Amino acid sequence: MAEFTSSEYEQELLLSNVLGHSDWLSLDRGTMLLAEVIPKFSARVGFPESRMEDFFVHVQNHLTLINISANLVEHLLALNYPLYYLTNMSNAFFETLNDNHPFIGEFKGGIVSANELLIKPEPEIFELLCQRYKLKPEECLFIDDNAQNIAIARELGFESVQFVPNEACVRQIMDKL
């Protein structure tokens with residue numbers, strides 16, 4: 001946020017009225033497209049549409065990997081674990097992430113929420129992942145940073161770890177495999 005604007009007022013506007021707004025979830029769910037949300041967000045925060053478009057480009061271009069996460073994924077891939085992603089993300093954001101980080105293509109598959117009109121923590125998105133890839137929850141380890149997603153996954157029978165970017169969490173994950 002600070003790289004986009006140095007104004008604390010604008011940062012708060014963007015956090016509460018864009019990133020923290022229910023329309024952002026609609027974007028992740030795929031029920032709204034960027035072309036629809038940009039004018040809405042622009043009007044809501046009082047930015048010209050061109051500036052709101054710049055903000056979205058900025059966010060897309062600043063989707064960065066957490067090193068410890070990337071190292072964990074690379075390690076698990078090297079050990080031949082079949083990896084699947086389950087992400088709440090708009091198509092445009094996922095395409096950018098995928099273009100910038102080719103290792104995503106090494107996953108066995110995955111679900112992008114916007115493609116399915118579903119979103120975590122809805123049980124249906126977990127069930128779709130299992131159905132599509134013939135997975136059994138009790139044979140899977142679900143890793144996510146969101147406590148609600150972890151709770152639902154556990155209710156559905158997944159072994160789960162709430163991700164925290166530290167070595168203790170990585171050890172916990174490795175111990176469960």
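**Entry 1: S113**

I began with S113 and found its place in helix α7, which covers residues 113-116; helices here are DSSP runs of H or I with at least four residues, strands are runs of E with at least two, and both are numbered from the N terminus. The model is a predicted one, in which local features need pLDDT of at least 70 and side-chain atom pairs count only at pLDDT 80 or more, while totals for chains, interfaces and linings use all residues. I kept in mind that residues are numbered from 1 along each chain as its sequence is written, and that side-chain values use heavy atoms, with hydrogens and water left out.

Is S113 buried or exposed? I noted a relative accessibility of 0%, so S113 counts as buried (buried means under 20% relative accessible area, exposed over 50%, and partly exposed in between, with a 1.4 Å probe and protein chains only). Setting aside neighbours within four places in sequence, I listed D28, R29, T87, N88, M89, L118, I119 and I125 as the residues in contact with S113, contact meaning heavy atoms within 4.5 Å.

**Entry 2: the whole chain**

I counted 10 helices and 4 strands in the protein, and read their order along the sequence as α-α-α-α-α-β-α-β-α-α-β-α-β-α. The radius of gyration is 18 Å, close to the 16 Å that the globule rule gives for 177 residues, so the protein is as compact as a globular protein of that length; the radius is taken over C-alpha atoms, and the rule is 2.2 Å times the number of residues to the power 0.38. Along the principal axes, the C-alpha atoms fill a box of roughly 50 × 30 × 25 Å. I also noted that 42% of the 177 residues count as buried, and that, among contacts between residues at least 6 apart in sequence, 53% join residues at least 24 apart.

**Entry 3: helix α1**

I looked up the buried residues of α1, which are E10, Q11, L13, L14 and V18. Seen down the helix axis, these residues fall within an arc of 160 degrees, so they line one face of α1; the arc is that of the directions from the helix axis to the C-beta atoms. They pack against α2 (22-29), α3 (34-45) and α4, whereas the face turned away from the buried side carries the exposed residues E8 and Y9.

For α1 (residues 8-19) and α4 (residues 49-61) I recorded a packing angle of about 80 degrees, with the axes 13 Å apart. Axes are lines fitted to C-alpha atoms, for helices over the stretch in contact, and angles run from 0 to 180 degrees between N-to-C directions. The two helices are therefore roughly perpendicular to each other (65 to 115 degrees; under 35 counts as roughly parallel, over 145 as roughly antiparallel, and the rest as oblique). E10, L14, V18 and L19 of α1 make this contact with R51, M52, F55 and F56 of α4.

**Entry 4: α2 with α3**

I found that the axes of α2 and α3 come within 10 Å and cross at roughly 170 degrees; these helices are therefore roughly antiparallel to each other. The contact is made by D23, W24 and L27 of α2 with L34, V37, K40, F41 and R44 of α3.

**Entry 5: helix α10**

Last, I listed C169, V170 and I173 as the buried residues of α10 (residues 167-176). Down the axis of α10 they fall within an arc of 100 degrees, so they line one face of the helix. They pack against α5 (67-78), β3 (141-144) and β4 (159-162).
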